[in-house]
Structure formats: structure tokens, C-alpha cells
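Student: Could you help me learn to read a protein structure? I would like to go through it feature by feature.

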Amino acid sequence: FFGIPLALGMVGVAAVGIAYTTMGGMWAVALTDALQIVIVIVGLVAIALAVFWQLGEGSVAEGLHRIEGGVEPALLDWVPEGGALDPLAPWLGVLAAGALGNLASQDLFSRVFSARSEKAARFACLLAGGAYLSLGLIPVALGLAARVRWGPEGEATIAGLGAVFLHPLAAVGFLVTLCSVVLSTIDSALLAPAVVLVHDVFARDRAPALALRRTRDAVIAVGVAALLLAFVGESAYALLESSYELGMVALLVPLSFAVFGRRFVPAAALASMLGGTGVWLLHQALGWENFADLAPALPTGLGCTALALALHLSITAARGRPEAASMQR
């Protein structure tokens, strides 16, 4: 919109996100997200109605009908058709990573732990899940609308749709909506790992002032590291997909065992995390889509995580040690 060079824009966005997350902490995350999500909902609904109305020449229903009839039928399939594994295996991998890879993420749990009660946390998760499904359909429909408008070779984004179908003032307002989407993601992604680093990885300090200062320093360090990673990454989608995959292969198995098992061996959790992560990193480093041309990378890493956990528990039991201390934290 403004002709800002990509590198300069990335640095600017990172600076803004780091600044207000450092100053406000979890309050900044909660309060800004509450405001930003309202802007996002209003903006998405507004541009969707405008795009569908104009494509349908005065009828939203006709616009949706035109989108449905103007794209390739394969794009409307919920489950891809084809052979036994292609393209079903990649689709299952993306579905699993998106649905399960984020379950153990700290940015999700930071909100759960910050809720005023267990009931409020449970209700918020269910409400957010339903809203995610319903609102998530709007960008998908807009992507199909861009396909109808510009054809398969077009590279238009939702911002491009806003520039074409909205009044200039409304387009600027929609740009604010997109900025809200970005910023509401940035603050959570910065604060969550910073808190984990300070309180769980490095030596803890009982002095609140010192812990607060170290957490702020960690937010800045995580932000700088994320900016450097963004410069070397293939795309935002590829980086997001990798982050979900890593959470799935490293954390899903020990988290599930800790939640549904009464006793747990902390060393077994570390062994499972290292096993799954190591196999997944090997695939990433060598560019393998499949393990030994047999199994896809994601289930292979997940299987290694479960195998490492089972082996460690078996060895511990064989040595006659207590199975574990109860998980108190």
C-alpha cells in the first residue's frame, strides 16, 4: 500500500510488536487481542459482503454461487481425491499439524492459566473453537473469490481484494484489520517463549522485579531471533507449518501422557521430546518428505516420540525404580 521495502517493513513490524509486548506483558496481549479480534471480525465480514455483492452484481447469494461455479471443482473438496497416499497424505499431515500441533503451545496455555477460573477457561476455549471454524471460512471464500476474479495465475491477496472492491477509505480501514491480525499473533508468539525461557529453562529468581526484568529482556531476544528467522525463511506459511509440526512431534505425546496418566517420569518426557525432535530435524535438514521413502516425516517423528517415551518407561520399570513422582506442576 505504501511502497515500503519488505525488509524495512519487517523490521518496523517487529519493533512495534516487541515494544508493546515488553511494556505491557500479558495485559498487553489480552487487551490488544480483545480489541484487535473485534476489528478483524468487522473487517472480514465487511470485505466479504462487499466482494460477494459486487461479484454477484447486487446479490451476495449470486456472488457465492458464481464463486462456486467459477473455480476448479477440486478446490471445493474437503478431502482430496486421488490415490491411496497422494494427495491424501500431505492433506492429513497439514490437518494433523494444524489441529494437534498447537495443543501444547505455550501461547494457548498462557491464556488458559490467566483465566479467572477453570469454568471461564473451558468456556473460552469452546467459544474460540467455534468462532475459529466459522470465521475461518471467510478468508477461504475470499481466496476462492480472488481465484474467480484474477484466475489461477493471479497472486492477489485479501489486501488486493480490498483495494479493488472497497472504497479507498474503507480499504485503509481494512489495512488496519490486517495489521491487527499480524499484531495479535506477534505479541503471543513473543511473550510465550520468553516466559518459558525465564521461568523453566534458566535459573529461577524469586525476586519479582528481577524476574520481570529478565522476562522483558527475553521478549526482546525472542523478537530479534524471530526477525532473523523471518529473513531466512521460505515463507510465512512454511514457517508457521514448521512451528506446528515441531510442537506436534515434540510435545503432543508427553503432554497427552501427563494429562491422562496418573504418574509420569520427567526424564521420559525429555527422552521422547529429543527423539521426536531429532528425527524431525533430520528430515528438515536433508529435505526429506518421507522417511526412507516409506513413511511421511510427520508421523515418523510422532512415532519416534511415542517410542522413546515407551522405551524409557520400560527401562525405568525394569530397574525397579518408582515409576515417577506425581506431576505437581
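Tutor: Let us go from the whole chain to two of its details. This is a predicted model, where local features need pLDDT of at least 70, side-chain atom pairs count only at pLDDT 80 or more, and totals for chains, interfaces and linings use all residues. Residues are numbered from 1 along each chain as its sequence is written, and side-chain values use heavy atoms, with hydrogens and water left out.

Student: Which secondary structure does the chain have?

Tutor: Helices (H or I, at least four residues) and strands (E, at least two) are DSSP runs, numbered from the N terminus. Here there are eleven helices and two strands, in the order α-α-α-α-α-α-α-α-α-α-β-β-α.

Student: At what angle do α1 and α4 pack?

Tutor: Axes are lines fitted to C-alpha atoms, for helices over the stretch in contact, and angles run from 0 to 180 degrees between N-to-C directions. Helix α1 (residues 6-55) and helix α4 (residues 106-114) pack at about 90°, their axes 12 Å apart. That makes α1 roughly perpendicular to α4 (65 to 115 degrees). In contact (heavy atoms within 4.5 Å), Met26, Val29 and Asp33 of α1 meet Ser110, Arg111 and Ser114 of α4.

Student: Where does α9 kink?

Tutor: A bend at a residue is the angle between axes fitted to the seven residues ending there and the seven starting there. In α9 (residues 236-260), a kink of about 45° lies at leucine 251, shortly before proline 254.

Student: Which residues of α9 are buried?

Tutor: Buried means under 20% relative accessible area, with a 1.4 Å probe and protein chains only. Among those in α9 are Glu245, Met248, Leu252 and Pro254. Of the chain's 329 residues, 28% count as buried.

Note on methods: Angles under 35 degrees count as roughly parallel, over 145 as roughly antiparallel, 65 to 115 as roughly perpendicular and the rest as oblique. The expected span of a helix is 1.5 Å times one less than its number of residues. Buried means under 20% relative accessible area, exposed over 50%, partly exposed in between (1.4 Å probe, protein chains only).
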